[in-house]
Structure formats: structure tokens, C-alpha cells
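Colleague: I have some questions about how the terms are used here. Please take me through them.

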Amino acid sequence: MKRARVAYGGAIHEACEHPDGLLLADGRVVAEDAVQWLPPFEVGTIIALGLNYADHVKELSKELTVSAQDEPLAFLKSAGSLIGHRAQTRRPDGVAFMHYECELAVVIGRTARKVAREEAIQYVAGYTVANDYAIRDYLENYYRPNLRVKNRDGCTVLGPWLVDAADVPDPHALALRTLVNGVVTQQGNTRDLISDIPALIEYLSSFMTLSPGDVILTGTPDGVVNVNVGDEVITEIDGIGRLVNTLVGDAVFHR
Amino acid sequence: MWNLDELPPRGTVYGTLLNYRSTLDALGDQVHAAPYKAAPQAPILYIKPRNTLVGHGDPIRVPVDAPELEMGATLGVVIGRTACRVSADHAMDHVAGYTIMNDVSVPHASFYRPSMRFKCRDSFCPIGPVIVPRQTVANPDALNISVAVDGVVLQTCTTADLIRSVGQLIADITEFMTLHPGDVLSVGVAAGSPRARVGQRACITIDGIGQLDNILIAEETP
């Protein structure tokens with residue numbers, strides 16, 4: 001089952017797929033572009049992984065001060081940075097390097113505390129797609145990656161669907177890619193995760209209780225490139241979803 | 001409008017790094033060396049996730065592998081109105097009130113890329129006991145803070161020593177991200193946070209705000 005949360009007709013609705021667009025829980029069928037897509041579930045704590053694909057580590061290695069990794073590089077984002085499918089994200093005028101990151105997002109469905117690797121997958125409610133934008137111009141070497149790089153309004157794109165875990169037989173065999181204006185710029189496969197999903201749940205729940213609605217953004221593979229105002233950025237994971245975002249400039253925000 | 005009775009808060013709790021002159025002084029010339037390579041420019045924030053939030057009187061759970069924890073006393077600024085690109089002069093219009101936070105950490109030396117294990121464990125952010133309305137605090141940039149462990153005062157500091165005042169901090173943060181009603185912003189922790197162990201009681205007092213009291217227990221205590 002794939003579920004979305006959308007705003008339509010003055011209210012927020014759960015919606016699922018329909019041959020003519022979206023079927024709202026109240027029975028109405030509406031076109032995909034007639035609704036405002038929201039992040040597909042009530043989002044709790046957002047945990048993001050850095051450097052969790054071997055090829056991406058290689059891509060960034062020249063700027064890494066620390067190369068040895070004895071535990072996953074996890075950091076937090078806040079719900080204020082979230083937006084849904086088909087939305088606009090601001091690219092500040094004058095920055096040199098803003099890039100997307102296509103990531104498999106793992107949504108927690110049960111309270112998880114000190115969960116063993118063998119049991120971990122049972123705590124997953126489902127999956128969605130994340131585009132975890134970064135603006136590297138603002139990178140500083142304190143609490144990397146600092147929130148000014150990673151936690152800007154509209155810079156955590158999530159959706160379109162929450163896909164039930166039961167419908168994803170192997171979350172470690174999913175091809176993912178990013179298209180900028182229709183051209184593939186990033187490709188990878190979740191089989192190449194350095195810390196796989198059970199490892200991440202085991203690691204995180206060893207020191208913090210995970211709750212339903214918490215979400216783990218599992219990291220991005222090689223192939224992040226600069227994107228510009230006007231670009232349509234599609235982050236896509238086979239079987240999970242195709243998440244569309246458009247970059248706009250400061251003028252839209254009256255800056 | 002934010003519900004002043006709601007603790008722990010429903011929004012996001014942010015910590016601010018290196019906002020006391022004493023913490024930057026403690027780093028000294030290190031800020032120019034690897035891995036930092038430069039002094040901080042914009043506010044450096046981190047997030048205390050919801051699993052860390054507990055109230056006045058709740059226990060702080062001490063992990064087996066970290067017997068001594070830092071008691072990071074700080075003023076919590078509770079946002080009452082959406083704050084996006086506000087100026088320092090108008091920042092206070094967006095503040096609902098103030099509370100006390102204990103930003104608990106496992107001691108760690110590096111600010112480069114600290115593990116979440118140091119700051120994000122369950123119960124690592126006591127907050128309370130109440131939210132004091134903004135109008136009753138004459139000047140948030142001149143509040144005395146003291147930290148006592150088992151009744152002995154081990155640290156005193158004042159928000160007069162902040163690098164960015166409350167208003168300036170809100171202005172500089174909301175230039176790059178919006179703060180929402182119910183979010184809580186810590187103004188930062190001064191250098192020399194006292195440490196405490198299982199069985200001890202940490203008590204943070206901020207003049208005009210109140211007293212936040214928590215006892216430390218072993219993590220696995222039922």
C-alpha cells in the first residue's frame with residue numbers, strides 16, 4: 001500500500017493511488033496536480049546519514065579531515081526544513097554550490113530501544129524518498145554538517161508516498177537516481193549502503209529511543225552536482241517513488 | 001500562539017555552540033588549525049531530539065559507558081510567533097517566554113563532527129520547570145545562572161557574556177531558517193560545565209526564571 005498526505009479543499013487528507021490520479025480517503029478522486037502534496041506522514045525526529053555509500057566517500061575524500069569511520073556519521077535535521085512532492089525550494093542568489101541528495105528514507109513504526117540487528121527490520125513502518133539538499137558555500141567545520149548548510153527551509157524534500165514495509169521485500173536492492181531537467185546525474189543502489197538498515201536501527205537505538213514517525217535518511221551515493229534556479233530535480237527510487245522539486249530564486253521569497 | 005503550559009515543548013529544541021566568549025577562548029588558536037580551519041561565522045546549532053526531553057524532577061539516565069556527564073546549564077528561549085528573517089530589534093516580538101535547560105553531554109573534546117551518542121541520549125535534555133512569560137523578564141541578556149551538584153555551587157555564569165545576545169541570535173538564525181512556535185532555542189553553554197555522576201542531584205538556577213532539578217540514575221534502572 002502506498003499512502004500520501006495531501007491538502008485539498010481546505011483540509012488535509014490521506015490519499016492513495018488511483019488510475020485517474022489520487023483517491024482521497026473520503027472517496028473523491030482528484031488529479032495529482034490538483035492537490036498540495038505534504039510529507040506523507042507525521043514526521044518526528046529526522047536522522048540523516050553522511051558518507052554512507054562507499055563511492056560518495058571517495059567523491060568527498062579530498063575534503064575530509066577524518067577518513068577512518070568507527071561508527072555511522074549521523075546528524076539531525078528539524079521538521080521545519082520539510083516540504084513535500086512537487087514543491088519549490090529556494091536557491092539563494094549568489095551561492096556557488098547547492099546540490100541535491102537522493103536518499104532512501106526509512107520510517108520507524110514501533111518504539112525501538114536497544115534493538116538487535118536481527119530484529120531491526122520489524123521496526124520499520126515503510127519507506128519514502130528524500131531529497132536532502134545542501135548548500136556547501138555555508139559549510140563550517142563545527143558540528144558538521146552545520147544547520148546553515150543542511151537545515152534550511154524547504155531543503156528536506158520528502159515523499160510522495162509512504163510505501164508499506166511489507167511491499168518492499170528487499171530494501172537493500174533498490175536502484176536510485178537523480179534527474180536534473182530530465183538528465184540522469186546521480187545513480188546508485190541501496191545494496192551499496194555501508195551501514196545497512198538493520199545496522200542503522202541497531203546503532204541508533206543503542207543510545208536513543210526511536211519512536212513511530214522518526215525517519216532515517218540513509219545517505220546518498222556518488223554524483224552530486226550543482227543545481228540552479230529553474231532546474232527541475234527528480235529524486236527517484238524504484239518501487240518507492242519519484243519525488244519532484246523545482247528550484248526558485250530569492251525573488252519568489254521577496255528577498 | 002504557543003501554549004505556555006506545555007512542557008516538554010512540541011517544537012524542535014535547538015542548542016547553540018560556542019556562544020559564550022569563555023568557550024571560544026578555551027579553544028584559543030585551535031580554531032585556526034585543522035579540523036576547524038577558521039573561527040565560526042554564522043551561529044552553529046545542533047538539535048536535541050524529542051527522546052532527550054524530560055521535565056523538572058525527572059531522572060537523567062547515565063549510560064554505563066559514560067559515568068560522568070556534563071551538566072550544560074542554559075537559558076531556553078521559547079518561540080511564540082513564527083520567526084523568519086527578523087531583525088535583532090524585533091526579535092523579542094517572536095519570543096513567548098523563557099525556561100531553563102540542562103543540555104547534558106557525554107564529555108567530548110572535538111566540535112568537528114561529534115557523535116550523536118554525546119548529546120542525543122534519552123533524558124539528556126531536562127527542561128523546565130515552567131515557561132516564564134517574556135514580559136516578566138526585564139533583560140534576558142543579564143541573567144545570572146548557577147549550577148549546583150548535591151547542593152554545592154560549581155559554576156556561575158551570566159547571559160551578559162553571550163557573544164550573540166538573545167535578539168541577535170534569533171536574527172542571525174532566522175536569516176537562514178525559520179523558527180516556529182513551540183521551538184526552543186538554547187542560547188549556549190558557558191565553558192566549564194560541571195560533571196555529575198549516578199546518585200547526584202543537578203540543580204540549575206536562573207534568576208527570575210526558576211530552578212531545574214534532576215537526579216542522575218543508572219541508565220538501566222527500571
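Modeller: Domain bounds come from an automatic or database domain assignment. On that basis chain A is divided into domain 1 (1-38) and domain 2 (39-253). Their centres, taken over C-alpha atoms, are 24 Å apart. This is a predicted model: local features need pLDDT of at least 70, side-chain atom pairs count only at pLDDT 80 or more, and totals for chains, interfaces and linings use all residues. Residues are numbered from 1 along each chain as its sequence is written, while chains are lettered from A and ligands numbered from 1 in the order in which they are written.

Colleague: What makes two residues a contact, and how many residues does each domain of chain A give?

Modeller: Their C-beta atoms, placed from the backbone, must lie within 7 Å. By that rule, domain 1 of chain A gives seven residues and domain 2 of chain A gives 13. On the domain 1 side, β1(A) has the largest share, four residues.

Colleague: How do you know that helix α2 of chain B is mostly covered?

Modeller: A residue is buried if 20 or more other C-beta atoms lie within 10 Å of its own, exposed if 12 or fewer, and partly exposed in between. Seven of the nine residues in α2(B) (166-174) are buried, so the helix is called mostly covered. Among them are B:L169, B:I170 and B:I173. The buried residues of α2(B) pack against β1, β2, β6 and β11 of chain B.

Colleague: How many residues of chain B are in contact with chain A?

Modeller: 31 residues of chain B, against 27 of chain A. Strand β2 (44-48) of chain B gives the most to the chain B side, four residues.

Terms used: Helices (H or I, at least four residues) and strands (E, at least two) are DSSP runs, numbered from the N terminus.
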